[in-house]
Structures are given as C-alpha cells and as structure tokens.
Amino acid sequence: MSAPGRPAAAAPGAVPEAHKGTSLSADAWRRLKRNRAAVGGALVLLALAAACFLGPPLLDRAFDLRAAPEDADPTRAYEAPSWSEPLGRDELGRSYLVRVLEGGQTSLLVGIVATLVSVLVGVTYGAVAGYYGGRLDEVMMRVVDFLYGIPYMFLVILVLLVVGDEQRQSAVPVFAALGLVQWLTMARIVRGQVLTLRHQEFVLAARALGASDARILLQHILPNTLGVVVVYASLTVPAVIILESFLSFLGLGVENSWGQLAARGMDVVNPIRAYWWLLLYPSLFLAATLFSLNFLGDGLRDALDPRTRES
Amino acid sequence: MGGTRLPYLALGAGALLLALALALWAGVAEGLALLLGLGLLAAPAWFPARVTRGVAGVYVLALAFTALNVLVEDLDVGSGLAVAAALGVAGAAFLPPAVRRRVTFLVPSLVLLLFVTCVLMFQAPGNPFASEKQTTQQAQQAQQRRFKVRDTAVAYFGDYLHDLVFKGTMGPAVKVQGRNVEDLLRPALPVSMSLGLLALLLATLLGLVLGIRAGLRPGSVSDFSSMALGMVGISLPNFVIGAGFLLVLALGLGWFPVAGWGGYQHLVLPALTLALPYAAYIARLARNGTIEVMQQDFVRTARAKGLTEREVVLKHALKGILLPVVSFLGPAAAGVFTGSFVVETLFGVPGMGRWFVNGALNRDYAVVLGCAIIYCTLITVFNLLVDLAYAWLDPRVRNAA
Amino acid sequence: MARNLLGIGGVFAVALLLVGLTFSTTQEAPADFRFIAGAEPKTLDPHLMTGQVEGRYADALFEGLTYRDPETLEPRPGVARSWEISPDKKLYVFHLRPEARWDDGTPITAHDFAWSWRRLQAPELGSEYAYILHVVRGAEAFNAYAGHADLLESTVLPGLKALRADHPGGIPAPAWQRYVAKAHLNDAVKGTTDAPIQAALALKQGVLADPALGALEAALSAEAARRRAAAAHARVHFGVDEGIYARDDHTLVVELIAPTPYFLELTAFYTSFPVPRHLVEHPAHRDDWFLPEKIVGNGPFRLAAWRVNEKMRLVRSPTYWNRDAIALDVIDAFPVENSSAALNLYLTGAVDWNTNPPPLAIVDALRARYPGEYVLNPSMTVYYYRFNCTRKPFDDPRVRRAIALAVDRETIVRHVLRKGDTPAQHIVPYGLPGYEPPPSPLGLKVEEARALLAEAGYPGGRGFPEVKLLYNTLEQHKLIAETVAGDLKRHLGLTVVPFNQEWQAYQATTLAGEYDMARAGWIGDYADPNTFLDLWITNGGNNQTGWSNAAYDRLLWFAADPDRFLAEADAWLGRLAEPERARARIAAVSAAPDPAAQVEAKAALRMHLLREAEALLVTEVPVLPVYFYVNQNLVKPHVKGWHPNPQDIHPLRGLFVQRPEGP
C-alpha cells in the first residue's frame, strides 16, 4: 500500500527523547493553540464529525434527504447535484449527501477504533518490554521485528480472508485487523520512552518506597509517555482510514465507508465524463478529514515535543 | 530488577495460549508448529556470541543452498552443499555483526511467516480448485495431486519447504498453469523493483526539496504551501490520485497512455502516483530535520563564515537532514514494493502486487507463499541497506558498531 | 555533499535502465488487431480448460474435427473433410484431410484423435469437462467408473455401516438424505438402473430399515463391482477399438451410446480438440507443453508470446490447411480485468475490441454515444437468487413466492442496469429453439404477495426474522441486492440485509448451504432448456438450495427419454399443469407417419415435459429469477466479420480489419 502506515517507524529522530513531564501540560496546550494549522484542523475535524453523526437525521427531518434501503428510487438514479440535492443522487437514486455523511461515520469509527486497539496493545506491549528490559525485551522486540518483516497489507488481507464473511458486515474484523498491524510502531516508541524513563530518579524513588512494578508502570511511567502516544495515535487515525480505503478498492473493506464510495466512484474515470460527483465528494470529504488529522497531529507533535518546537 | 520471573512466565503463558488457540482452531499439529516457530525466533536471545556466530553460519548455508537450487538448473546436491557450506563458514567468520544479525533473524522469520501464511490460507474459506460449476471429486483429487495441494496446512507447509530447499522450486501455480511460481514472479519482480525504486527516488527528491524549503522558514507562506502540497499526498488514497492523473494527464491531455507496459511513457504516471504519499512523509521528516539542524552551532558557524544559504544547506546541513529520511526509507521501500498493487491494477502494470492480491483472492497457495518469501527478503535486505547507510551517515552509530 | 547528490542521480539512472530491460516489447512489430481478453487464461491445454477466455485461445491455436462458422456457429469441416452418420444416429465415420498438419509439420491422423479423446477421459488427467463427451461409448466408464467404485467401497459402504450402527431401528429419512449428500452418493451411482438404489435415493419420509437396507447394501456392492468391471474393460478398449478408433490413418470412427443431435457441435468444442501426442506424452513437457516456446497446435494461429499479465501474441499459422482464409496476421490479446482500464484502452484507441463489460455507471452514456460500437445482445444467461429451502422461513413455499412477487424486476432492468437486459419471470432464457416457457405467476403483484405472507404467518412482515442476502463482491450485484432489499422493505415490511463475500468465500458459503438468500447466475452450456432445469434435481451439485421435488426429478428423467413418459403417460397426465398440451403431443407421436416425423414429435413432447418441470419451478420458487443477461462488447467500426450471438463466441479466424480509405 502506498500509505506508509508507520511514518515514524524507524526514524529515531522522530521519537522524542524523554523529558520528565512531557505530558499534555498547560505549556503544550498553549503551544498547540498558537499553531493555526492545528487549530484549524481540529475545528474542521469537529465540524466534519458533527456533520457525519448529526447530519443524516437532521437532513431527513428538515429536507427529506434519505439513503436507507427502502428510500432507493432507481428511476431517479444519477441525478446531478442541484439545490434540493446538493451532492446529487447515487446509482439507486438515494441522496448522495446522506450517503457520504454516513460513509463518514464508518470511516471515522474505523480510524478511531483501530487506533484505540493499536494504542492498547502497543502501549502495554512496549511498556512491559521497556520496563523489564534485558532478555525479555529482546525476545519481545524480536516478535515485533518479525511482524515488521511481514508486509502489513499481506497480513491484513490474509486475516480478512479468514474472518471475512458474516462478521465483516459489522466491520469488527476490519477494525481489529487494521489495529493489529498498527500497534508495532506504537510498541517500539513506548518501549523507547520507558527504557529511558525507568532509570529516572522519580521511578527509583518510587521503587525504593516499595511500590509494585504494576503501580510504578501505571502511575509513574505511563503518564509520562502520554504525549508521545497522543502524537503517534493522532497520526495513526489517518493511516488507518487510508488503509481501509485500499481494502475497499480490493473489495475487502467495510461496507459504506468513504473509501468504498470513492472506490466505486472510480467508474467515472473515463473520457465519457459523467457522474463526476460520485468520485469527487467522498474523495473531498476523505481528503479534508485526513488533511485536518495530519495538521492536528503535526501540531500536537510540535506542541508536545520540544525538540522540534520553533524557537 | 526484582520479580522478573513473572513477566517471563506471562510471556511463556501467552505463547502457550496462542498455540493452544491455534490448536483448537486449526489443529494440534498447527499449534505445536507455532510453538516451535516462536521458540526458533526467541531462542537467539539466550545464545552466547559464539553460538550466534555458528547459527548464522548454518542459516547462511541453508539460504545459500536454497538460492543455488532456485538459480541453478539441475544442481548436483553434493557440489551445492559444498558451495553452501563454504559460504556458511565464511559467513560465520567474516560477516559484519550487523549483517549477521539480520541473517539470523531472516531465516526463522521466513519459516515462521511461511507457516503462518499456510495456516491462514488453509483456514480461509474456499480452495484453489473451486469453480462455479460443481466438479467431481475425482477431478478435484487429480488436480490436487497435480498441483501438490495437500489436505492440511502442516502437510502442505512441509512439502513446500522441502521442495523449496532441495528442489529449488516454489511449486506450481494453479491459476496460470504450466509454470512454477518462480518463473511467474521472475518477470514481475524487476517490474515492481524498478517501478518501486523510481517511485522511491522521486519521493526522496520531491520530499527533500519541499521539506527543506519549508524547514528553512518555518511558519512562512512557503512553509505552509510546501507542506500543504505534500499533505495532499497523504490525504488521498492513491487510487484517487492515480485517477486524477489519469483523467487529466492521460485522458484529458493525452500525454501518457492510460494503461499497459512496454515503454518509458508507461512508467511516469504509476511511478508518480506511487511516489506521492512517500514524498509527503519525507517532506515532513526533512522539514523537521531542517528546522533542527539549522539551529545547531556548526550551521551558525558556517553562516557566520559568509556562506550562502544554498552552500550552507548543501555542504553542511544536508547530512543531518538526511538521517531521519534515510531511516524512513526502509519502511517506505517495504510499502512501495508491497503496496503497488493498486497502482498496478489501475495502470495495468504486470508487477508483483497483482500476483499477491490475486493469489490471495484465488487461494493460489503457492503464489501467495512465493510473494511472502520475496517480500520478506526484500524488506530485510532493505532494512540492512538502511542500517548500513545510516552507519555511513552518522559517525556516532558507525563508531558504536 | 554534492557527491551524495551525484550518487543519488546515479542510482536514478541505473533504476531507469533496469526498467528499460523489462520493456521487451519495444522491438515487436505492431499487431493488426488488439483486444482485451479479460482474465489471464488458466491453461492452454484444451482438455483442461473450462472457460470462455481459454476457449477463445483454443479456437485460435487448435482445430477439431469441425470448426464453428464465425457467423452462424454451425459446425464446418475442419480436420475432418467429410463424415457419414448411420441411420440410427449412433455411428459417425469421419474422413480426415490428408493435408492437415501440426504446425511442426507432423501430419494429423485419426490416431491422434483417438489418442486425444482417450487422454481426455483418462481419470488420471482429471479433466473437468470430460463429461461433455460421455455420449461416446465407453467414455464414462473409462473416465469415472473406477472412481465411483472406489467411492462406494471405501467411503459409502463403511459410512453406511456406521450409520446403521447409530440407528439400530432403521435410518430415518432426513439422516439418510444428509448422508447421501455428504457421501456424494448421487455422483457415485450416477445413471444406475438398480431398483433398490433408486428407491433409497428417492426416500424422503419414513425410515430405511431391513430388509430394504440389506438389499441396498448388497446392491451398492454389486454396483461397485459392476462399475469396476466396466472401467477395467474400458481401460483396455476405449480409444483403441471401442468408442473412438482409427479405421486407417484418415478414417475415424465414433460410436455413441444414444442419438445426440448436437454431437457435431461438440466436435467443434475445445474439449474435443486433438493435442499433439508426440509432445504431450514426453515426461519433460507433460505439464507445460502449451507454453509458447514448446506448443504445437493445428489451428489457424500460433502462439508467439505469452507474457503473463501483460499480453499474449498470436500470429497466423503458415502450416494451417486453410491459411488463405485467415485475414489477421498478428493479434495481441491483453489480459486486463479492471473494467475502467479496459474501457479507457478501448476509447483511446489502444485496442479494437473490448470484451470486458464497461462500468455500470456509464452504460447509458456509452449507448447514447457509441451506438454502433457498443453491441448489446441477449445472452443465454440467467441471474437469480437462491432461497435456502432448508431454513425457516424459506422452507415455506408461500414465503418464497411472496418475495418473488414483491420484487420489481422491471425497475432493476430499466433503471439500475440500463443496458437492455430482460426481466426474468422464469429460469430458462427466451429464444431457445423449440422451447416456449410456461406461463409464470411471478410478476410484481404486491397485494398477492402480502396475502401470501400473511397466510404464511407473517402479516405485514411481523414476526419475520431479519434475513441476509448474500452476493459475491461486485458492484452490480450490490446494486441489485440493495434494490431488492428496498422493495421487500417497502412492499412487505421485511428486513433483508444485503451482504457480500469475496468470490471464494461466497462459493464456500453457498456450497455449505450457510445462507438465507444468495445470488447466482447460470450460463447455458448448450441451446437447450435442460442445461438450466437440470440444476434443481434433488441433491444436484449445482442445486445448493436444498429444494427437492420428486415430480420435478421424474419429469427431467422423462425428458431424457420421452419413451419413459409414454409408458406411464396415463398415470401422469392428471398431475401435469397443462395436460391438454401434453395430450396433443402424445397424439402427435402416435400419429407420426414415418420415423423421422416420430423423432420430431418426440422432441416436441420432450420440450413439453421440460416446460412442465419449469412450471413446477415457478410455482414452488426455490429460486427467484431476476433477469436474463445481455452480452456486452465494444467493437471498433473497422473490425469486420464480428457477429453478435447468444453464446458470445466470436472466433478470431473470422475477423478482419477494414479501415476507411483515407482522403
């Protein structure tokens, strides 16, 4: 896939060194607010999410725009955008605006859920490996390296083929499969952080006070990795959304996502020039979302990682 | 650290659970084989240096023997073994530690990957011979024999590995018959490699130019415009980007053919489409690198000497900017080589990506395994190259090694 | 650092050169004719191929006893110069052209054909289409009987013993039928005339107990022994002195088990083509003799290159006996599967013929803009949904019928597909010679549908479970499924959830019967209703609905030989939907003045029996017919000799290119 799913993967330069208190501090918050691109991204994202989740019921009530199965009216298929139907109608005469918004629900959910899975797995794994170090770390990182050596698309496709029948309608396997290949980088980053944090004074102090390993990890170390986790997670969401769109291109994606709408819009790529809105609008929404997410992610990194802070 | 036994136990229990789950799901033999594979992968952590050296030698031997078998027709086993053994000894003795480390990792990875792939393919519904019309059991069995498809994943995996190592063949393909998988992939590999390399180079050049331009004046209009331009690359699935290129450059202006393979003109759009997302990432890395480097003392000194901005960047700063970019090239290469199937489908390029995807969708087991071997090896080799390039660029790493 | 940049430039140059190495096509001469061939062919061995894509290459590279006329598809003398048919239509004597050659110069003799048909039927080869020539005496015995005997002895009988042990009081019919399906018993005793076996296979109710069970076991053992003996006999004689054999180098004799009106057409079908024995038997070439560097054919073209996923090149054969009648010298076939890419290649003039259906979204634009080039014509293919008749609620025929009455096929065809397909209210496509489909009750009748549903216990859809509508991943299937789901929600208040699986998973699911409703399609093998109606016999391999109807099975059995029906006509007439028509046809048989007229009258009776079977199908509705396909082709105006036909077969040998004269 061409979406590099692991942007900061092997880039040690991109992994901020640990600084005590590198969390979402007031300082970072202020820096974030000063970053116009990031703030803009966040606002656009909020607007998009609100539109996707609140839009369809509102449009239904206020303008009679619907896209449920029983609303299909093939006699009005492919109607061009107009005042009453701002994004035109789809192949079965349903409101394309509603369909695109509903597609947004799916795509955003895919992105968020898969990212949560990857955060959960990656942070736990990385923290354990980094905290205990030594041979345990080596073995655990070997497993990560092994999984890295597998083209992730390969793994995703194979997993989808195995689980991919009825459950795929609920999209859970796609979320899980996408999350399961995205946790590797998270694990590496967190491990790196924990490796440096575990010898810091406040950790040693806690240990001297007789705190258990679990307590030290949960209360003292993990909060300090939060910044990095947030930054990387914010970059994972767009990566997952785009990955899902490739699966849609192959017919293995989630029903009714932006990726699927755009992939089906590919039908219009020909000199006949018809029904351009089928490709354009889902792509625009997708691009706007990813654009905002990336700007926000960059902004978060700039805010949370002092190394790239502008002076 | 106190109480370290607990996490080991947890890890072991995890592996056991995983194997148990697999045993329940697929079969006892599969579960045991997974345990063995994980053990093979984990064991080197306990090896003393001398053993590692020996193991690396054995692995080099196995790799060399297999490669010889694949490359040389009708290889005599004795001489093949002799050459491979010599290479193995030489490898154990002379290979630099970095390479040795990658090799000791590559072999168990490959074996485990092949095994996992076999299990997944066999667990996926369907089979290579399924056809729309019902065929008789007899015809199905005859086909299974001809294409050496056994009934269980473990049996198939055993046969496959044996044939690969001792006969040097990746087995017959089912969907395009008459050729072995290595013969089918042989013409596809250079296509994908060259397309990928070209895309990678385009991505690097484009990314560096955009990124450095942005990083020299962070916060300026040129920063914002460069990054926004780069952002387009990661904000659209590349089938949409490719569609855009097709619509405008091929169908609209007629500058390039819409699909096919056979001349440099066929190369431009796929390479560009493939390159864009990576260019965007590289631009981001280069921008951050530039901002950082430009604040360092030696750059200030160079500026103070009165050098122009261009000279400062080219002569002094570039190395520092390149470091993170180079380390990104490993994963990027993996992504470009393995992820080209969308572009291949869109532009009708006869590369590897289509083999893998169609192989998986058709349950053409041997094709999928062949792609797994090539992808895994490519990624390892690229990571190795990146390690070496990194060491060459960064004196700290070089001295440490 | 500038050095580094130079280095990068160097790598760039090397990469470009590498790319150049893969452009092997640049030195090739341009082709006269280029077309999109769809998928990559699985094989070029005519005995192992099964699809239309492969068949097109086989017709170009090989030639059978006859070949299909490019315009009418009638068999024309190919390798066989002439032939005689015996009065009972069971013996064919072919006279081969002495000048026919393999393209390596070896003459083609009658021995080649005998050997080739023997190879085709050899069980070791495992040809999927070998059954097409099972009308030849001894072919089926040689091909399948040993396998049947193995299956009976090693699987069926031991399984039956175990089943018997599980049910000491006799095996209940449902358990028995499950076992029949699992053990592929229908396959293993295909064509048996043994009464205990037939009775057991037809058992739907009660229990199977001694003495019938003992008799069945004995009969199965005897059947196995019989088949093994027949197989052993055929192995010695088939293709040597029985079924098909050479009387001399240029005279070939074929014996059939029954008169087969379409036998000559079969001799133009790729499964019956000869293969070069001197190459195919060589152990080093057995599995790959059809690769371009090795292949030896006898057709109008030779295979010059086969670059997988890139292109296939055919050139006119200099040794073909009728080479002067072939117009095209060089043909390039591109294996492009992506419909947009194929369309763009066609519209930009890179190919002359596109066999891929264009994207559905633009079919109306294409029809409007390229009326002469976008050729649409009715195909012998039906699109339908299977109901899983073993599951609630679809085990109730009223539910199935209610659903079939609530689907608006007209809208699907006119507004969703928009390419001129025909709405289907029955299963057999229109236009099959001699066949007139029965009146069908399956239109859009919402009131009737609601009444039926209420009668079945789901008034207004209340209490009806949520059901899933399975289709394999493809845009047009999705759109149709969504439309149908919408119709059923609107008209009947049912919640039907369309869901897709990729092809392999979809096949596994339907085969295992793990669905509620599932999409399917069927392309007729030959122009006869039987190729469609045969699907739904009890436990038929392609039935997959679990539907089973004894009368239906019996009607098809009658149709295979109308004399069977004539023997039982009196008992059956009362059970037919249209007894008057049947009576008239029976009268016509007895009134026939001469044997030829009688054959004709029996054919008409046979067609009526098939019509009766289809009438059962549209009453019981195990499947919901949706529409009959059209074939879609895009053909440039300068391509001549291209003729639309229902089978969508356009032999390359008949094509030529005639560009308008320049000014």
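# Close-ups of a predicted three-chain model

**View 1. A helix of chain C that is mostly tucked away.** Seven of the nine residues in helix α13 (residues 397-405) of chain C are buried, so this helix is largely enclosed by the rest of the structure. Keep in mind as you look around that this is a predicted model. The buried residues of α13(C) are Val399(C), Arg400(C), Arg401(C), Ala402(C), Ile403(C), Ala404(C) and Leu405(C). What do the buried residues of α13(C) pack against? Their packing partners in chain C are β14, α15 (446-455), α16 (475-492) and β19 (623-635).

**View 2. Strand β18 of chain C and its pairings.** Start with strand β14 (residues 374-387) of chain C, which runs antiparallel to strand β18 (residues 517-523) of chain C, with seven bridges joining them. To find your place in β18(C), look for Gly521(C), which sits opposite Tyr383(C). Now turn to strand β16 (residues 467-472) of chain C: does β16(C) pair with β18(C) in the parallel or antiparallel sense? The pairing of β16(C) with β18(C) is parallel and covers two bridges. Here Leu469(C) has Met517(C) of β18(C) as its bridge partner.

**View 3. Chain C as a whole.** Stepping back from the details, chain C has 22 helices and 21 strands. Its C-alpha atoms fill a box of roughly 85 × 65 × 65 Å along the principal axes. Why can chain C be called a match for a compact globule? A compact globule of 663 residues would have a radius of gyration near 26 Å, and the 28 Å of chain C agrees with that. Of the 663 residues in chain C, 46% are buried. Among the contacts in chain C with a separation of 6 or more, 68% are between residues 24 or more positions apart. As for confidence, the average pLDDT of chain C is 87, and 96% of the residues score at least 70. The model itself scores ipTM 0.82 and pTM 0.85.

View 4. Zoom in on helix α9 (residues 258-265) of chain A: eight of its eight residues are buried, so the rest of the structure largely encloses it. Those buried residues are Trp258(A), Gly259(A), Gln260(A), Leu261(A), Ala262(A), Ala263(A), Arg264(A) and Gly265(A). What covers the buried residues of α9(A)? The cover includes α3 (96-132), α8 (213-249) and α10 (277-304) of chain A, along with α10 (238-252) of chain B and α16 of chain C.

**View 5. An exposed proline in chain A.** Look for Pro57(A) in helix α2 (residues 36-63) of chain A. Is Pro57(A) buried or exposed? Pro57(A) counts as exposed, because it has 10 C-beta neighbours inside 10 Å, and the cut-off for exposed is 12 or fewer. Val98(A) is 41 residues away from Pro57(A) along the chain, and their C-alpha atoms are separated by 9.1 Å.

**View 6. Where chain B touches chain A.** Here 65 residues of chain B are in contact with 58 residues of chain A. Helix α13 (residues 309-338) of chain B gives the most to chain B's side, with 11 residues. That side of chain B divides into 47 nonpolar residues, 17 polar and one charged.

**View 7. Where chain B touches chain C.** On this side, 46 residues of chain B are in contact with 52 residues of chain C. Helices α6 (137-146), α8 (181-216), α13, α14 (341-347) and α15 (352-362) of chain B each supply at least two residues of the side touching chain C. Which helix of chain B has the largest share of that side? The answer is α8(B), with eight residues. By type, the side of chain B touching chain C has 23 nonpolar, 16 polar and seven charged residues.

**View 8. The largest nonpolar core.** This core has 409 residues, and those touching the most other members are Val156(A), Leu178(A), Ala275(B), Ile282(B), Val325(B), Ala372(B) and Leu624(C). Leaving out residues up to four places away in sequence, Ile282(B) touches Ala203(B), Thr204(B), Gly207(B), Leu208(B), Gly211(B), Val325(B) and Phe328(B).

Notes. Residues are numbered from 1 along each chain as its sequence is written. Chains are lettered from A and ligands numbered from 1 in the order in which they are written. This is a predicted model: local features need pLDDT of at least 70, side-chain atom pairs count only at pLDDT 80 or more; totals for chains, interfaces and linings use all residues. Two residues are in contact if their C-beta atoms, placed from the backbone, lie within 7 Å. Helices (H or I, at least four residues) and strands (E, at least two) are DSSP runs, numbered from the N terminus. Ala, Val, Leu, Ile, Met, Phe, Trp, Tyr, Cys and Pro count as nonpolar, Asp, Glu, Lys and Arg as charged, and the others, Gly among them, as polar. The radius of gyration is taken over C-alpha atoms; the globule rule is 2.2 Å times the number of residues to the power 0.38. A residue is buried if 20 or more other C-beta atoms lie within 10 Å of its own, exposed if 12 or fewer, and partly exposed in between; C-beta atoms are placed from the backbone. Two strands pair if DSSP finds at least two bridges between them. A nonpolar core is a set of buried Ala, Val, Leu, Ile, Met, Phe, Trp, Tyr and Cys residues joined through C-beta atoms within 7 Å. pLDDT is the predictor's confidence in each residue, from 0 to 100.
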